[in-house]
Amino acid sequence: MNAYERHDGSRLSVEIVLPSLPRAGMEIMACELAKGLVASGHKVGVTCLEETGPLADDLRGAAVDVSLVPCPGARSNFLPHKALVEHLRSRRCDVLHMHNIWGKASLAGRYAGVLQIVATMHGLAAGEPWFYESLRWWGARYIDCVVAVSEPLRRHLIERTRIPSEKVVMLVNGIDLQRFAAAGRTGLLRTELGIAPDVPVIGCVARLDPVKNHPMLLRAFKRLLAELPAARLIIVGEGPLGSQLQADASEMDLSGRVSFVGSVADTAPVYREFDVFALGSVSEGTSISILEALASGVPVVATAVGGNPALLAPDCGLLVPSDDDARMAEAIVKVLRDRDLSDALARRGRARVASGYSSSSMISAYERLYRSLLGADGQRGVSSCAA
């Protein structure tokens with residue numbers, strides 16, 4: 001048996017590649033996929049190219065091998081990185097599955113002789129440099145199938161990145177519905193932050209990154225205090241803008257009204273403390289945090305960007321224009337003041353998530369995709385890229 005021959009007719013070997021493993025949407029989704037594939041009997045490894053992170057221990061506890069292969073600089077987008085090639089060759093994987101890492105891993109994977117290479121596109125960064133599309137196009141030359149997590153992303157990859165349409169499929173993200181099932185509040189977070197049970201709380205769980213546009217949410221919160229002066233805003237997450245956002249809140253005289261609680265290992269009970277979940281992103285794929293909020297029975301107000309309308313329209317949440325803090329504030333106040341509306345959004349939102357956004361359905365869809373690419377005999381060269 002050579003290094004890349006299939007182990008048997010059912011067990012797959014999959015190597016997942018990401019930049020790092022912080023507690024953020026893309027990484028949480030990739031970890032759910034890895035753990036689910038292991039639970040289904042497959043061999044799975046995760047390789048990080050920048051650093052590991054807090055999710056690494058979760059993966060190791062689920063029998064997922066985690067490796068760090070530093071791959072800095074732009075050079076490895078165009079010339080194979082020797083250490084990464086050797087690492088992927090040693091992993092003897094049937095499928096290399098990248099998440100927002102295109103050129104470096106796809107090129108190394110091809111030189112390592114991996115049977116099939118898959119890339120999932122989770123979203124666009126805020127203010128991307130002009131050459132990002134060219135890098136994605138270049139990396140896609142070595143990729144067998146590109147997955148978009150929303151229909152707008154699929155169209156973008158075909159129309160803007162110029163990837164052949166037959167090479168692009170859409171598979172939405174999924175979450176653990178049981179973990180985020182609607183349940184009563186524990187009150188622990190409110191107690192810790194000194195927030196009374198009857199105080200209206202707006203919550204946001206998202207990486208503190210420009211694409212999530214937290215400054216707009218702070219402006220919206222400042223506006224709505226004129227209507228609801230007792231309201232509080234809780235922001236959960238870490239990221240490069242953490243210090244700046246806290247300074248912005250102080251300058252806006254919001255200290256004591258906005259709580260930055262950092263990264264939380266288990267966000268399920270956190271969502272239940274919210275009366276409204278708000279997300280002001282300028283771009284989204286299929287938002288993990290919106291899925292988690294909906295599954296938790298929390299009404300959602302979000303910007304009408306990317307995959308958000310598919311999750312919330314027409315009646316599972318309220319959508320507002322991008323970067324419109326006045327409309328965001330108005331929508332949040334509307335939900336907080338109308339209990340019937342809040343209850344209806346929560347009920348319909350839970351039903352929407354349960355209808356097709358479970359982690360089990362996502363894992364099954366990726367498993368079918370891998371098998372369709374490998375074909376019955378486990379060889380490269382299958383013409384169809386379909387889930």
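Contact here means heavy atoms within 4.5 Å. The close-ups below come from a predicted model, in which local features need pLDDT of at least 70, side-chain atom pairs count only at pLDDT 80 or more, and totals for chains, interfaces and linings use all residues. Residues are numbered from 1 along each chain as its sequence is written, and side-chain values use heavy atoms, with hydrogens and water left out.

View A. Let's start with S67, which lies in strand 3 (residues 65-68). Helices (H or I, at least four residues) and strands (E, at least two) are DSSP runs, numbered from the N terminus. With a relative accessibility of 19%, S67 counts as buried; buried means under 20% relative accessible area, exposed over 50%, and partly exposed in between (1.4 Å probe, protein chains only). Neighbours within four places in sequence aside, S67 touches V46, T47, C48 and H87.

**View B. Strand 2 beside strand 1.** Five of the six residues of strand 2 (residues 43-48) are buried, so this strand is mostly covered. Strand 1 and strand 2 pair in the parallel sense over six bridges, where pairing requires that DSSP finds at least two bridges between two strands. Look for L18, which stands opposite C48 in strand 2.

**View C. Helix 15 and its cover.** Helix 15 (residues 359-374) has 16 residues and reaches 23 Å from first to last C-alpha, close to the 22 Å expected at 1.5 Å a residue; the expected span is 1.5 Å times one less than the number of residues. Among its buried residues are M362, I363, Y366, L369 and L373. Their cover includes strand 1 (13-18), helix 1 (25-39), strand 4 (95-99), strand 5 and strand 6 (145-148). Just after the helix, G375 takes a positive phi of about 80 degrees.

**View D. N308 in helix 12.** Here is N308, in helix 12 (residues 308-312), buried with a relative accessible area of 0%. Beyond its neighbours within four places in sequence, N308 is in contact with E284, G285, S287, I290, A302, T303 and L319. One of these, I290, is 18 residues from N308 in sequence and 8.2 Å away in space, C-alpha to C-alpha.

**View E. F131 at the surface.** To finish, F131 lies in the loop between strand 5 (116-121) and helix 5 (132-140). F131 is partly exposed, at 36% relative accessible area. Together with W130 and Y132, F131 forms a nonpolar surface patch with about 380 Å² of accessible area.

Notes
Patches are made of residues with over 30% relative accessible area and no salt bridge: like charges are joined within 9 Å, nonpolar side chains (Val, Leu, Ile, Met, Phe, Trp, Tyr) within 5 Å. Accessible areas come from the Shrake-Rupley method with a 1.4 Å probe; for residues, only the protein chains shown count as cover. A salt bridge is a side-chain nitrogen of Lys or Arg within 4 Å of a carboxyl oxygen of Asp or Glu.
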